[in-house]
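Please open the model in a viewer and follow the selections below in order.

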Amino acid sequence: ASADIGLIGLAVMGSNLALNIAEKGYTIAVHNRTAAKIDEFVAEAGELRPRIIGKADLKEFVQAIKAPRSIIIMVKAGKPVDDVIEELLPLLDKGDAILECGNSLYTDTQRRFDYLKPKGIGYLGVGVSGGEEGARHGPSIMVGGSKEQWHNAEPVLKAIAAKFNGEPCCAYLGEGGAGHFVKTIHNGIEYADMQMIAEVYGVMRDGLGMNPKQASDVFKEWNKGPLNSYLIEITGYVLEAIDGPTGKPLVELIVDRAGQKGTGRWSAIVAQEMAVPATAIEGAVAARSLSAAKDQRVAAEAIYGKRQAGGADVSLAELEKALLAGKIAAYAQGFAVLAKASEENGWNLPLGTIAKIWRAGCIIRSRFLDQMAATYDKGDNVNLLVAPDFVTIMKDAHPSLRKVVAAGALGEFPLICLSSALSYFDSYRQARGTANLIQGQRDFFGAHGFEIEGRGPGQHGKWPSTLGN
Ligand code: NDP
């Protein structure tokens, strides 16, 4: 056996990861269900070819890897992962480990971890972010599962990961499904980040009458300031792109119907399951679903009429701050979900480390995450909205978010994510809310009882027994 590591699944992500591993000096054995892809991959590997061992036979593939083996699976999420595990199982030895790097549901990862543990096979659920480009040149890598076997694969994964100031964006985060859970929440935050940017573009387009080039220039400028991030940067490029055949701005020709593969939705579902308010993430998922309902939107606009363009009373500086404030609220929600899940699953998730490994390689990478890492590194898992550094920014920025949301409400353009972020902030910092009325209502119809300060819980009202019509 001469390979340092193995990889199964030579589609977009798998092939790029394999090239990245070979480039870092490791020898890698590769396998794919459709054998023709193996030959094609090896043939196209160029100068990296001597460090790539293609094996169409699964047994030979396993035997080509040095023990204790680390085998990456990068196939379609869901049943294919279980199929590959079953095929591999009889060929593995105790102490070997499977590193599943697709976008798996963390509960599936937990189930597979629990299934393989008694068999002595390590299972690592690894979240990989950064798309094709990241896989090839440095993704952010979120590892969970069998800690012992993690150390066998650690040098390879750290070598291929993105680097931020020289530090690899790769870390072991916790047992079982922890890695895939963190990747899921990363994607939820990504949805919110993207949606809020799209909403701000909507204000520019519909409220301020700006064309895509003008909007692009603004995003490019913003990328030099506190919003500096990969998503703001690519937004500048997407907005300035010109369609070849027509010469028109490409963005104006793209159909306004967004796709989703599920991880954003999972993060909203899990937040609900754990009773953690994550309204900005939920809003972003809802916005994608609404975008997909194009026919209904066209029909409804015909009923209510098209809104008049222009008329938004906001400045670009206010839009920039609104986006920053919305972003802080969305990240506060994402990290609150992580903190709660950590507690419920006994994962002991290191929030500071998570912020650190998101600083480069992944889709939500940004300068902002460096600041967040510094906050969480101080040790306390507080909501970001009350962390001193972010309080200062929020105090300065929330009036702008308020103004932008008001402009959207009056100007009739939707800001589902930004307005959810604002409502969350306002609810979070309101010492006396309105749930006293909810408790009264619940006691009225269900005798659920309520608490009165000084008299304790379990109090009831004397409600009328019959109601008039
Ligand atoms: P796909 O999700 O398109 O999966 C294709 C690969 O899965 C092929 O190698 C295919 O083999 C293999 N496969 C499918 N079914 C089976 C099966 N039953 N048994 C064995 N092999 C099977 O590939 P991607 O590279 O796009 O993604 C891989 C994983 O990475 C997914 O979980 C995806 O969600 C995740 N991911 C993808 C990103 C992206 O940007 N594309 C970004 C981050 C994560 P065959 O050639 O024989 O069909």
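**Two packed helices**

Begin by selecting Thr184, Ile185, Asn187, Gly188 and Tyr191 in H8, which meet Thr263, Gly264, Trp266, Ser267, Ala268 and Val270 in H12; contact here requires C-beta atoms, placed from the backbone, within 7 Å. By class, this contact of H8 with H12 has 5 nonpolar, 6 polar and no charged residues (Ala, Val, Leu, Ile, Met, Phe, Trp, Tyr, Cys and Pro count as nonpolar, Asp, Glu, Lys and Arg as charged, and the others, Gly among them, as polar).

The model is predicted: local features need pLDDT of at least 70 and side-chain atom pairs 80 or more, while totals for chains, interfaces and linings use all residues. Residues are numbered from 1 along each chain as its sequence is written.

Now extend the selection to the whole of H8 (residues 178-207) and H12 (residues 263-273), which pack at an angle of about 105° with axes 7 Å apart (lines fitted to C-alpha atoms over the stretch in contact, with angles from 0 to 180 degrees between N-to-C directions). H8 is therefore roughly perpendicular to H12 (65 to 115 degrees).

**The ligand shell**

Next, select the ligand: of the 22 residues around it, Ala11, Met13, Arg33, Pro80 and Gly102 come nearest (C-beta atom, placed from the backbone, within 6 Å). Helices H1 (12-23), H4 (79-88) and H6 (131-137) each give two or more residues to this shell (helices are DSSP runs of H or I, at least four residues, numbered from the N terminus). By class, the shell has 10 nonpolar, 7 polar and 5 charged residues.

**The complex**

Finally, display everything; the predictor gives the complex an ipTM of 0.97 and a pTM of 0.95.

Definitions and conventions: Angles under 35 degrees count as roughly parallel, over 145 as roughly antiparallel, 65 to 115 as roughly perpendicular and the rest as oblique.
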